[in-house]
Amino acid sequence: MYQTDFLVIGSGIAGLTFALKAAKQFPDKKVLVVTKAQADETNTKYAQGGIAGVWDADKDSFEKHIEDTLIAGDGLCNRHIVEIVVKEGVERIREIIEWGAQFDKEADGDYKLGKEGGHSEYRILHHKDVTGKEMERALLTELERHKNIEMIKHCFVVDLITQHHLGHLVTKATPNIECYGVYVLNRETNQIEKIIAQTTLLATGGNGQVYRSTTNPFIATGDGVAMVYRAKGRIENMEFIQFHPTALYEPGVRGQSFLITEAVRGDGGILRNKNGEAFMERYDPRKDLAPRDIVARAIDSEMKISGTEHVYLDCRHMDQHKFLEHFPNIYEKCKSIGIDVAKHMIPVAPAAHYSCGGIKTDEWGRTSINHLYAAGECASTGLHGANRLASNSLLEAMVFSHRCFLDACAKLTAEVELSALHKGRGVGSEVVPDWNATGTTQPKEMILITQSLKEVQQIMSDYVGIVRTNVRLQRAIKRIDLLWEETEALYETTTLSPQLCELRNMITVSYLIVKCASFRKESRGLHFNTDYPDKSEMVQNIVL
Ligand SMILES: Cc1cc2nc3c(=O)[nH]c(=O)nc-3n(C[C@H](O)[C@H](O)[C@H](O)COP(=O)(O)OP(=O)(O)OC[C@H]3O[C@@H](n4cnc5c(N)ncnc54)[C@H](O)[C@@H]3O)c2cc1C
């Protein structure tokens with residue numbers, strides 16, 4: 001059993017930013033970071049393109065960045081939140097530079113600014129094509145300087161602890177649901193332990209793994225969203241899944257697909273179909289640099305017309321010296337599978353990439369559950385609306401981690417004063433019961449879990465992908481219901497494993513995506529349903 005002041009779940013950009021700030025501000029308090037894999041195995045590490053910010057104030061402006069974000073969000077962004085992120089973002093980028101992150105510079109020392117689809121100006125700071133890896137490195141290095149931060153790796157958070165665990169009935173209508181901490185599966189002892197925390201931050205990242213093909217690593221199973229839903233917290237806009245148009249197509253590869261960043265098209269890469277035709281001009285006047293949803297749908301349509309599993313990205317005409325300089329990682333990856341980008345076209349296909357919706361938060365990152373914050377990809381802040389503007393997510397994670405930190409500081413100070421009057425939260429670790437594993441036994445067949453996992457991915461890819469229909473959504477929900485029943489039975493009777501917990505979470509997340517998609521009777525941003533091809537005049541968030 002652990003007791004901590006600050007509990008941070010996740011070691012990506014959102015979790016680490018918060019942990020560093022809390023540790024600096026309160027050197028006498030304990031900050032505990034738990035993460036289910038290696039410290040750097042995060043979506044953050046795989047970010048390639050960069051981080052958007054208004055850096056060149058002569059040419060760019062907050063207004064332009066705000067406008068670009070609102071246009072991408074297709075009428076569903078919260079303008080107030082967009083303004084907060086764009087305006088506060090530059091300060092947060094400066095902070096991570098101070099912590100040691102390096103971004104590419106021109107010969108004169110100015111930052112090299114990139115441009116991606118949907119941006120009207122050059123404003124993307126990057127570190128070659130491995131920006132996220134560099135940022136994660138800087139954050140982890142900075143973390144080591146703080147003695148009051150402890151990190152437990154390979155520690156799987158199973159569930160949030162609320163009044164439910166103290167024997168009270170908790171429903172969606174219960175006012176003041178409280179988070180007291182979490183139950184975790186300690187991989188060293190294989191026991192479920194409890195962590196009691198004053199403040200908890202969920203920074204558990206995305207959920208791309210619910211699809212067969214995704215750019216997200218294996219950790220991206222939507223655990224935070226599923227935990228909050230189980231704890232009766234609010235979840236929002238899960239239907240808006242961004243499919244990246246150009247993941248490297250490698251036949252037979254399951255799990256994580258390698259991303260070919262949009263910046264390659266920004267530098268002149270051209271999409272071609274099986275016959276070598278540059279098809280994007282038939283779909284959008286902005287051609288290869290149209291917003292991601294349009295490009296992904298165009299590729300999907302070309303693949304369906306030709307019956308192929310991919311299209312091509314042609315970089316043969318590009319300056320190869322510059323390509324190697326800007327995209328060394330992509331160059332090496334292609335080379336490793338026999339593709340010489342100077343001579344061959346790169347086979348690409350869309351893959352699930354980013355979840356715009358998630359745990360509903362307010363402007364301070366507060367969830368609907370007291371003492372529980374959410375930041376980063378697992379949160380739905382209102383920034384992205386119906387579609388995320390490229391390179392806005394790393395920025396959002398830092399801005400909101402900072403805001404969670406500010407709010408937690410204020411709350412902590414107020415509660416210290418209150419507890420001096422014996423009016424604190426009133427729950428000590430002793431009243432939270434230990435995990436009850438009676439009646440469970442070791443799973444006899446792992447195939448029950450692995451097969452169900454494949455089924456989830458199959459259902460979501462085939463019925464709830466880039467293009468949706470009412471019939472497909474109905475089929476998906478029926479099949480997910482069945483998987484849910486089978487998995488709950490398994491959960492009740494077997495000892496917990498990360499695989500079983502992840503499966504359970506992925507089923508919940510799939511259910512939430514399908515439910516939100518079914519409730520949205522229109523096509524908007526990333527959600528395209530051929531039964532409702534137009535945008536509704538009623539602008540609404542779907543909250544479950
Ligand atoms: C290939 C790729 C390229 C991208 N490129 C860009 C880009 O150029 N620019 C941009 O802005 N965005 C980009 N993104 C998106 C961006 O990287 C992510 O949105 C962002 O990094 C998410 O950060 P995070 O801290 O919220 O989550 P993550 O970085 O994913 O971290 C999640 C953490 O939570 C932990 N965790 C999850 N569940 C549990 C659990 N049950 N118990 C314990 N720990 C748990 C994980 O182990 C991990 O440490 C890209 C994403 C991908 C996949």
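Visitor: How do the residues of the shell around the ligand divide by class?

Guide: In this predicted model, the shell has 15 nonpolar, 19 polar and 5 charged residues. Ala, Val, Leu, Ile, Met, Phe, Trp, Tyr, Cys and Pro count as nonpolar, Asp, Glu, Lys and Arg as charged, and the others, Gly among them, as polar. Residues are numbered from 1 along each chain as its sequence is written. Local features need pLDDT of at least 70, side-chain atom pairs count only at pLDDT 80 or more, while totals for chains, interfaces and linings use all residues, and side-chain values use heavy atoms, leaving out hydrogens and water.

Visitor: How many residues surround the ligand, and which are the closest?

Guide: A residue is near a molecule if one of its heavy atoms lies within 4 Å of it. Here 39 residues surround the ligand, the closest being Thr-44, Gly-50, Asp-223, Glu-377 and Ser-393.

Visitor: Where is the empty space?

Guide: Rolling a probe the size of a water molecule over the atoms shows where empty space is left. A cavity is a set of points, on a 1 Å grid over the protein atoms alone, where a 1.4 Å probe fits but cannot get out; lining residues have an atom within 4 Å of a point. A volume is the space filled by probe spheres set on the points, which are joined across faces, edges and corners. There are 2 cavities of 30 Å³ or more. The largest holds about 50 Å³, and its lining includes Ile-241, Phe-243 and Asp-293.

Note on methods: 1 Å grid on protein atoms, 1.4 Å probe; cavity = no way out; pocket = protein on both sides within 12 Å on 5 of 7 lines; lining within 4 Å.
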